[in-house]
Amino acid sequence: KGKSRSVYVCEDCGYSDGQWWGTCRQCEKVGTMKRFTTEDVERKLSGTEVSEKVVRAWLPTEVVAPSPVKLTDVYDRINVLDWRIPLPGPFGAEVGRVLGGGLVPGSLVLVGGDPGVGKSTLLLQIADLIALRNGIDDPARVIYVSGEESVEQIGTRADRLNIGNEDIYLHSSTDIEDILEQAQRLSPKAIVIDSIQTVYLNGVTGNAGGDSQVKECTSALLRFAKRTNIPILLIGHVTKTGDIAGPRVLEHIVDVVLYMEGEKLSSHRLLRSVKNRFGSTDELGIFKMSQAGLQGVSNPSEMYLSEQHSVSDYLAGLAVTVIMDGSRAFLIEVQALCVAGSSFMRHVNGIQASKADMIISVIIKQVGLKLQENGIFLNVVSGMNLTETAGDLAIAAAICSSFLEFPIPNGIAFIAEVGLAGELRLVPQLEKRVITLAKLGYKKCVIPKLAEKSFSGTELHGMEILGCDNLKEMINAVF
Ligand code: TYD
Ligand code: MG
């Protein structure tokens with residue numbers, strides 16, 4: 001019998017080390033490193049009181065080397081692979097499109113988003129769609145597991161959403177083994193888990209929500225989904241840094257990653273695919289929030305039309321741009337306030353002070369607005385940081401709008417870097433940004449003149465491209 005090896009594992013972040021250092025060398029916390037032996041781990045695994053099946057489902061699988069198969073047999077498999085759980089109706093159409101044409105059996109789908117954006121609502125509504133019998137006698141059960149809320153709380157939400165589906169089962173649990181055992185008993189058509197940060201797996205170190213728990217739980221769920229062919233929809237909270245559950249590693253484990261986004265002032269919600277093993281990642285699902293839940297928006301241009309009476313339309317000093325986070329495009333709003341007579345007062349929030357100074361100086365020098373006699377306040381809505389040069393033009397437009405007391409009409413966005421001569425410069429991923437705006441129903445987009453031609457053949461859903469050489473031209477075109 002070999003000598004048992006010890007290893008020190010950080011309870012907080014899961015970092016492991018052969019030696020004890022007093023503090024964790026990864027997260028630098030004190031007193032979190034605990035000693036484990038290989039025997040400890042084995043004891044934990046054998047002591048679990050769960051069915052053989054469940055244990056097998058979450059234990060690591062041995063890799064089976066593939067052997068040659070007949071081509072014609074592969075055709076049958078493809079047909080099976082292509083089948084998707086249909087999601088009917090306008091709401092289902094938006095969700096289905098982002099998923100790449102419906103929910104793929106056996107897939108693990110991660111839905112991320114800020115707390116309060118509407119993830120639990122979205123997933124409960126999806127559960128309801130999957131559990132629709134559609135005249136088929138077979139019960140299409142869906143189990144909705146929550147580690148965040150009691151079944152009564154979920155019930156209250158379901159009641160508000162008018163969901164009375166007899167095939168939805170609610171389960172309040174945080175123990176992955178228990179969840180998978182219960183799930184297996186019901187043999188559901190899909191499983192929803194709200195959220196990955198609240199579940200834990202016995203035998204894995206660290207607290208629920210910590211790096212190693214999140215990673216191991218997700219891997220266990222993936223194995224379960226593949227083995228049983230039951231799709232699992234996982235909710236994940238986005239942390240302040242914009243990642244789901246801290247580690248990006250989660251995105252590599254799952255099949256599909258969707259993000260739910262919403263602007264603070266708007267009642268619209270977007271569902272965007274960032275990763276999809278079964279379809280494209282350029283799709284966007286658009287929803288309108290209501291008392292009775294999310295409704296699919298099939299014609300996005302209605303979205304801005306219907307909001308034309310909101311107060312912000314009449315306020316000067318607001319301008320919209322699109323920033324990228326990896327492959328994700330975000331709309332953000334820049335606010336500017338110019339106050340005559342309080343010069344030297346400058347406050348910027350979410351924008352680098354040096355960048356703000358540069359843009360203000362360029363407007364003074366190249367456009368001729370007398371900003372030097374004004375106190376200027378700049379803010380990026382929703383607390384985001386606007387570090388990309390692509391936002392320069394929106395900053396300039398917001399300042400000009402406030403100074404001239406001219407509200408920028410609804411449905412216009414700005415994407416360009418501003419140079420020292422006031423010229424508009426190209427930015428990376430311009431096409432992706434422009435297409436996002438078009439899909440959202442924006443009416444006009446100001447971009448550098450140089451790039452205008454490249455959009456001649458692109459489907460922009462009626463959005464007009466305004467190519468401008470410099471800030472003056474932009475002002476003439478918009479104001
Ligand atoms: P919730 O689904 O709980 O968000 P998350 O799970 O992402 O934290 O929704 C947040 C709040 O918004 C909740 O109080 C319900 C409300 N809400 C609506 O009233 N209508 C809607 O269409 C949505 C999506 C949410
Ligand atoms: Mg929730």
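Visitor: Which residue in β12 does K288 stand opposite?

Guide: K288 stands opposite Q295 in β12. This is a predicted model, in which local features need pLDDT of at least 70 and side-chain atom pairs count only at pLDDT 80 or more, while totals for chains, interfaces and linings use all residues. Residues are numbered from 1 along each chain as its sequence is written, and chains are lettered from A and ligands numbered from 1 in the order in which they are written.

Visitor: How many bridges join β11 to β12?

Guide: Two strands pair if DSSP finds at least two bridges between them. Helices (H or I, at least four residues) and strands (E, at least two) are DSSP runs, numbered from the N terminus. Here four bridges join β11, residues 284-290, to β12, and the two strands run antiparallel.

Visitor: To what sheet do these strands belong, and which strands form its edges?

Guide: The sheet is open, with nine strands in the order β6-β5-β7-β8-β4-β9-β10-β11-β12 and mixed pairing. Its edge strands, β6 (168-172) and β12 (293-296), each pair on one side only. From one strand to the next, the twist averages 25°.

Visitor: Which strands does helix α4 touch?

Guide: Two residues are in contact if their C-beta atoms, placed from the backbone, lie within 7 Å. Helix α4 (residues 89-99) packs on the sheet and touches β9, β10, β11 and β12. Axes are lines fitted to C-alpha atoms, for helices over the stretch in contact, and angles run from 0 to 180 degrees between N-to-C directions. The direction of α4 makes about 75° with that of β12.

Visitor: At what angle do α11 and α15 pack?

Guide: Helix α11 (residues 353-367) and helix α15 (residues 471-478) pack at about 80°, with their axes 10 Å apart. Therefore α11 is roughly perpendicular to α15, a term for angles of 65 to 115 degrees. In this contact, I363, Q366 and V367 of α11 meet L471, K472 and I475 of α15.

Visitor: How many helices and strands are in the chain?

Guide: The chain has 15 helices and 21 strands.

Notes. Parallel < 35°, antiparallel > 145°, perpendicular 65-115°, else oblique.
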